[in-house]
Amino acid sequence: MVTLAKTGNEVMAEAMRQIDPDVVAAYPITPATEVVMIFAQFVADGLVGTEYIPVESEHSAMSACVGAATTGARVMTGTSSQGLALMYEILPIASALRLPIIMCEVNRALSGPINIHCDHSDTMGCRDFGWLQIFSENAQEAYDNVIQAVRIAEDPRVMLPTMVTTDGFIISHCMEKVEVLEDKVAKDYVGEKKSPYSVLDVDKPVTIGALDLTDYYFEHKMPVIQAMKDARQVILEAGKDFGKRFGRPYGFFEKYKLDDAEFAIVALGSTCGTARVAIDELREKGIKAGMLKLRLFRPFPAEEIAEALSQVPNIAVLDRSDSFNAQGGPVFTEVRSAMYNRNAKIINYVYGLGGRDINVAQIKEVFCQLGRADKMPMVNYLGVRE
Amino acid sequence: MIRNDWCPGCGNFGILNSVKAVLSETKDEVILVAGIGQHAKIVDYLNVPSFYSLHGRAIPAAEGIKLAKPGTKVIVFSGDGDAYGEGIEHLIFAAKRNIDITVVVHNNRVYALTTGQFTPTSPYGFKGRSTPAGSPEIPLNPLELILSSGATFIARGYPVKADHFKSLLLEAIQHKGFSLVDSLQVCFTFFNQYDLYNQKVYELQGHDPADREAALKKMREWDYNSDAPIAIGKFYQADKPTFEDRFRPDKPKVSREEGIAQVLRSYI
């Protein structure tokens, strides 16, 4: 293990170098451009054996990834925002075909208006496309998550595409202390890619992507649904083994001062770092504040979340994207459903759209408002001008 | 006053100044459309109705505007990443339709907004930040491509030659049908081609733009890769029906009211 000063983009590229995928196809987009650009330098310097193609659009990038993955190749890409949106058409095809493509996705607000800063609207827009979605709080987690993602996605019980997300600029461009594994131990952890089928196998010819109508389409969706359920166990195993080997265990979520909390927030991504400071300050004043930091959004660990929050009477769910007059933001609707029939008072804060900063004082204010949660509206908008 | 964010020495200033001059001379109603890229900021710097669209999608947005406002001159500003890369299908189809819009491509042959990656018109071996070992691809020749797609006005300009560039812009806007001005806009920061263009660029003389074969030959003289002389000027112009002319050319045989009545009777 070596300790380095790296940005989120740099460590994602570093993880890609160690994983040494067979094929990478990508198109530049701020703030994810660097991930693949740094990786391109590794290709040019002969540090990886990857075939790399800078294609003409993200639509082509994901299509090329799907094509390459059907041969049994290990395939990776990186993108953000509109680039991810341009991939949307292909994303469900990747999951339906059980192609464990790994994506480094840097969260950025969807246009319009055009904006290059962080919110989660891009990733949330494809939450129901059969991809695993893993969020990172900082550069360290981004690195650890990419390494784990390959093993999770390629597990025979899963075989589903996986995106690891960071927060645009906040994680992608900020330099932090990161512990990076030695190449050999990283490779040992990830393992060799094994593929149950390949279009290249002329002795066992297969057609991939054939027409599937009212007769069998539904049946062919069921294994994807089942694999997403089964992925939970694989994620837990991978996170536990990562902890055993490298001292940083991972689960579905992290509980921060949650066990005796009277007031808790649920959040994901970089905001959790800010929230820790707010919680520590409140604890010093004797206020029992805590947090459930969600790492995994798909599959959504509903029962485990409900259990973890079962003793907390007042809960605020923080959403960095909105669902435009649904019953709150996407994280809130999931968490609230998970908490159905439980006694907690649970409200929603939509914050940080288009990279609007969120600070310690604002999070403390959320906790303060939780003290009168009964009187608060169900959905609140935090940090926006009236 | 909006602060200009282009680098000192950016070729976009030349295009902006020429567009300002041309628009101040025209009496037409004008709507501007931009893609995404350094070029797109041009609409921020002009006090003209404009639409800052999506990367690659400026042309179809402009076609929509033109259909809704047929009397308006619609001018698209686009980068080479936009028009020749991510949205190349739209360029081909707009040319095929010969829809009456003008496309000005700020062809700096590099992705400047994302800080220096290769594009469809970067030369072979281009060492950009996505191709540090050199691009393995041969650039495409956009002029040849859109000639074969059906465009009826095809020009290449070098904004440094301001008067010449202005006259090309004006002609392109006045042309009835699909017009393209491929503009050798230099990215001073990531792909400085000023020396090359100043040395190689020459104005077309004695060329007949109505002669398609001669146009093709001239377009092939420089393939965006070789060190051949680089012609600027009007390569091709043809007077052909536009999409608007061809749309429902025959008057319906019955009136609209009678047509609707016939449909309603058929339901009974």
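Trainee: What are the ground rules?

Mentor: This is a predicted model, in which local features need pLDDT of at least 70, side-chain atom pairs count only at pLDDT 80 or more, and totals for chains, interfaces and linings use all residues. Residues are numbered from 1 along each chain as its sequence is written, chains are lettered from A and ligands numbered from 1 in the order written, and side-chain values use heavy atoms, with hydrogens and water left out.

Trainee: What polar links cross between the chains?

Mentor: A polar contact is a pair of N or O atoms within 3.5 Å; within protein, one must be able to donate a hydrogen and the other to accept it, and residues adjacent in sequence count only if both atoms are side-chain atoms. Across the interface of chain B and chain A there are 4 residue pairs in polar contact, both residues at pLDDT 80 or more. Helices (H or I, at least four residues) and strands (E, at least two) are DSSP runs, numbered from the N terminus. For class, Ala, Val, Leu, Ile, Met, Phe, Trp, Tyr, Cys and Pro count as nonpolar, Asp, Glu, Lys and Arg as charged, and the others, Gly among them, as polar.

Trainee: How do I read a pocket or a cavity?

Mentor: Rolling a probe the size of a water molecule over the atoms shows where empty space is left. On a 1 Å grid over the protein atoms alone, a cavity is a set of points where a 1.4 Å probe fits but cannot get out, and a pocket is an open set with protein on both sides within 12 Å along at least five of seven lines; lining residues have an atom within 4 Å of a point. Grid points are joined across faces, edges and corners, and a volume is the space filled by probe spheres set on the points.

Trainee: What volume does the largest pocket have?

Mentor: About 960 Å³. Of its 46 lining residues, Thr30(A), Arg108(A), Ile36(B), Leu113(B) and Thr114(B) are the closest to its centre. Two or more lining residues come from each of α2 and α4 (81-87) of chain A and α3 of chain B. The lining of the largest pocket divides into 17 nonpolar, 20 polar and 9 charged residues.

Trainee: Which residues are closest to the centre of the second largest pocket?

Mentor: The second largest pocket has a volume of about 480 Å³. Of its 18 lining residues, Ala96(A), Leu97(A), Gly209(A), Asp212(A) and His220(A) are the closest to its centre. The largest share of this lining, 5 residues, comes from α9(A). By class, the lining has 12 nonpolar, 3 polar and 3 charged residues.

Trainee: How many cavities of 30 Å³ or more are there?

Mentor: The structure holds 3. The largest cavity has a volume of about 90 Å³. Its lining has 9 nonpolar, 5 polar and no charged residues. Among the elements, α2(A) gives the largest share of that lining, 3 residues.

Trainee: Where are the cis peptide bonds?

Mentor: One joins Ser111(A) and Gly112(A), with omega about 0°. Gly112(A) is in the loop between β5 (102-107) and α6 (121-124) of chain A. Another runs from Arg298(A) to Pro299(A), with omega near -5°. For phi, look at Arg98(A): the value is positive, about 60°, although the residue is not a glycine. Met159(A), also not a glycine, has a positive phi of about 45°.

Trainee: How many salt bridges are there over all chains?

Mentor: A salt bridge is a side-chain nitrogen of Lys or Arg within 4 Å of a carboxyl oxygen of Asp or Glu. The whole structure has 36. The count between chain B and chain A is 0. One example pairs Arg17(A) with Glu14(A), at 2.7 Å from N to O. Both lie in helix α1 (residues 8-19) of chain A, 3 residues apart, about one turn of the helix.
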